[in-house]
Amino acid sequence: MIEYDYAVEVHDLTVAYDKKPVLREVSLKFPKGKLIAVVGPNGAGKTTLIKAMLNLIKPVSGLVIFKDSEGAGLKNKIAYVPQSGSVDWDFPATVLDVVIMGRYGHLGWFKRPGKAEKNMALETLHKVGMQGYASRQISQLSGGQQQRVFLARALIQQADIYFMDEPFKGVDAQTEKSIVALLKELKGQRKTVIVVHHDLQTVSDYFDWVAMLNMQVVANGLVEEVFNEENLGQAYGGKGLLLKGAV
Amino acid sequence: MMEAVLSLLGDYTFQIVALGSALLGVISGALGSFAVLRRQSLLGDGVSHAALPGVAIAFLLTHDKKTEILLLGALLMGFLGAFAILGIVRHSRVKFDSALALVMSVLFGLGLVLLTYSQKMPNAGQAGLKRFIYGQASTLLQRDIFLMMAIGTVLLLVVILFWKEFKLLSFDPEFAAALGFNTGKLDLLLSFLLVLAIITGIQTVGVVLMSAMLTAPAVAARQWSNRLWLMALLAAVFGAASGVAGTLLSSLVPVLPTGPVIVVCVTLIAAFSLLFAPERGVLHRVYRRLKNRAQFQTARESKI
């Protein structure tokens, strides 16, 4: 058995909303430099898991340990791409404004973004194929463009670990392709990318590692080792048969 | 007419009242922008209504009619009201609108009862506590203006200082938390500023109409701007302009009450903006739809 270099470890994490547990004693280790999918049926606690790992939700019990990055600098080592539906896109801001928000953590309290941040944001927009949209009002973006803006906002953080909540949701095939290319590029830079993912058909193509979740951990390991019929059946209940094409 | 306006502009009392109303407009316009974007306009309405019993309680306890003492009572009750509303939502299954309606009407009712009661107190003869219901800008004194200036300056400075943080908090609080900002404290600070802005305004326009001063300038400003700083700036300008215009109108026509006239002015600006603003205005949208339809039709006809 190979011992991996882990980027983040979760120990006995239990999270509950209104006393109803959503995650029960979840323990997981995510290796460094891998593209990691978190899959599971609706209500399995996928989003809850990454929010708890980011300390956005207080768990009932459990521990999350980030390796190599401790203390004050930790927040700048972690980037988060929330679901694009989580904000009101009619907010009075331009695309550039939103991308620059990714630098706010590095700037710290009170300091204002300046020319350097603006140039970084323009560069990052180029990377996600949105170079012509810098001064566009964000309410005019399509779903796929919103997703790419959020991606740019995370990329500009220049973090080590990326958490993404369904980045392919509501995105057309071409955008999906370009996002996958970006994920591979991040992997090439030895970044760890943890993605909440819904489409089981693409797990084997896009990801190296998969965590299968249904309130508890069903499996966690290399895609070729654990992404099989048996584990899928366990994670998704009787629906395993429907997923035949996926494995 | 022109002469009347000119002589009015030179009048000291008019200057004081107009300055106070303009200040109120600036403060509520700037803070109101955040309230509108964070969907807290109704909470603002709850806070201002809840402030009324605070005025009466402050008077009953101290027997003092000084504005700052009455406003301190209003401030504390305003906070209590806000905490009561948010607390009910958090700890029960009652939804926001019901919690708001409940707390707002109960506290406003309590305020009316206490005001009536305190009017009967020996030294209450001209306490004029009733002015806090609908506002009475003409009772503004020079020292009230200084108080408003001081509070307004502090409010605006804090907003400028925390501009980037407030902007992020208003757009995406979860992302702000993921970046390591203490969003709980930021939220509390911004809410505190909002309550302070409301309390500063109730002497001029009253607790009933104060939420219009928060909402209308911001809604109007949003129609004309796509950037947050421009929206806040425009809202402040609209608020100030309504304050001055309202004071002017009510001074020229003696039967018109200042506070309500200010609110009518700001509402007119909002209505005009909703109808005629480019891009977001109702007329522009109708025009665009008709144009699209016409183009579609000519395209189809040319095919046939």
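Author: Some conventions come before the pair itself. Axes here are lines fitted to C-alpha atoms, for helices over the stretch in contact, and angles run from 0 to 180 degrees between N-to-C directions. Helices are DSSP runs of H or I with at least four residues, strands are runs of E with at least two, and both are numbered from the N terminus. This is a predicted model, where local features need pLDDT of at least 70 and side-chain atom pairs count only at pLDDT 80 or more, while totals for chains, interfaces and linings use all residues. Residues are numbered from 1 along each chain as its sequence is written, with chains lettered from A and ligands numbered from 1 in the order in which they are written.

Now the pair: in chain B, helix α4 (residues 67-91) packs on helix α10 (residues 183-224) at about 135°, and their axes are 9 Å apart. That angle makes α4(B) oblique to α10(B), given that under 35 degrees counts as roughly parallel, over 145 as roughly antiparallel, 65 to 115 as roughly perpendicular and the rest as oblique. The crossing of α4(B) and α10(B) is right-handed, i.e. the near helix is turned clockwise from the far one by less than a right angle.

Who touches whom? On the α4(B) side you'll find T67(B), L71(B), A74(B), L75(B), G78(B), F79(B) and A82(B), and they meet S191(B), V195(B), I198(B), I199(B), I202(B) and Q203(B) of α10(B). Contact means C-beta atoms, placed from the backbone, within 7 Å. By class, the residues of this contact are nine nonpolar, four polar and no charged; Ala, Val, Leu, Ile, Met, Phe, Trp, Tyr, Cys and Pro count as nonpolar, Asp, Glu, Lys and Arg as charged, and the others, Gly among them, as polar.

Chain B also touches its neighbour: 18 residues of chain B are in contact with 16 residues of chain A. On the chain B side, α8 (163-171), α9 (173-178) and α11 (228-252) each supply at least two residues, and α9(B) gives the most, with four. That side of chain B has 10 nonpolar, three polar and five charged residues.

Notes: Two residues are in contact if their C-beta atoms, placed from the backbone, lie within 7 Å.
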